[in-house]
Amino acid sequence: MEDNKFFKLVWRFNGLLISIAGILAIGVLIFAAYQIFKDVTRDRNTQNIVNIEETGEVKESWRLGHVTNLSSHKTLMIPLNSDQSFNRGYFSKSSNSTRNYLFINTESNSNKWLFDHTNYLIESTNQLRMGDYSSKKPVLAILYSLVKLDSNSDNRLTPSDLTTISISKPNGSGYKEILTDVEQVIGNTLLSETELFIIYQLNGKSLSSTINLTNFELGNTKELPKVGL
């Protein structure tokens, strides 16, 4: 009799442990499912993506960005940023990107846009000046990397598309496209106040070129040697 009571107590204890383990397992599954659901349905923010798909689901708003002082405060450079938002049923998504630049002359209070439209994605800009980024020397020119066309046909303008390299004077005038269909810009450096050296990939080749900052003409171009050759 005593043995039977003991075994019954053991069975009950085991049953209790199994029940507790089952409850804990269900709790873990519910928590995991909640985390997955929250991650899937959360707002998603991206940068440097312009959705060009023709759909009424995309809403676009515009705002001016951070002001940059150029030419000893005589010229202000202000980005025009777009914020595209759209719903995908179970989640919302937004994308911020730069689409144009406004230049303001503080002496005459005159202004001009870099483009007369907002069709491009301006991936990055580089204010060219001698010295490092903290240098107080004047800006010589502004180098732009922008995406004009959806080269990979995914209905978006992104850094994955082919890039156009262009340049302008510090006040936004004299804008000129230097290189088109660039696969990647590797880097650039100022050789002097009148010459920029740039390294990039184009048509599957790695190239280096000089750019004359006086007339914005592309100069000496050479292909970089391949590894082992």
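This is a predicted model: local features need pLDDT of at least 70, side-chain atom pairs count only at pLDDT 80 or more; totals for chains, interfaces and linings use all residues.
This briefing looks at one strand with its two partners, and then at some aromatic rings. Residues are numbered from 1 along each chain as its sequence is written, and side-chain values use heavy atoms, with hydrogens and water left out.

**Strand S13 and its faces**
- S13 covers residues 195-202; strands here are DSSP runs (E, at least two residues), numbered from the N terminus.
- In a regular strand, side chains alternate between the two faces of the sheet.
- Leu 196, Ile 198, Tyr 200 and Leu 202 make up the covered face of S13, while Glu 195, Phe 197, Ile 199 and Gln 201 sit on the uncovered one.

**Its partners**
- Strands count as paired if DSSP finds at least two bridges between them.
- S12 (residues 176-192) pairs with S13 in the antiparallel sense over eight bridges, and Gln 184 stands opposite Gln 201.
- Two residues lie between S12 and S13 in their hairpin.
- On to S14 (residues 205-212): eight bridges join this antiparallel strand to S13, with Leu 202 opposite Lys 205.
- The hairpin of S13 and S14 also has two residues between the strands, and Asn 203 takes a positive phi near 55° there.

**Aromatic rings**
- Rings of Phe, Tyr and Trp (its six-membered ring) pair if their centres lie within 6.5 Å; planes under 30 degrees apart are stacked, over 60 edge-to-face, and the rest tilted.
- That rule gives four aromatic pairs.
- Phe 115 and Tyr 120 form an edge-to-face pair, 5.2 Å centre to centre with 80° between the planes.
- Tyr 101, Phe 115, Tyr 120, Tyr 144 and Tyr 175 form one aromatic cluster.

Conventions
Buried means under 20% relative accessible area, exposed over 50%, partly exposed in between (1.4 Å probe, protein chains only). Helices (H or I, at least four residues) and strands (E, at least two) are DSSP runs, numbered from the N terminus.
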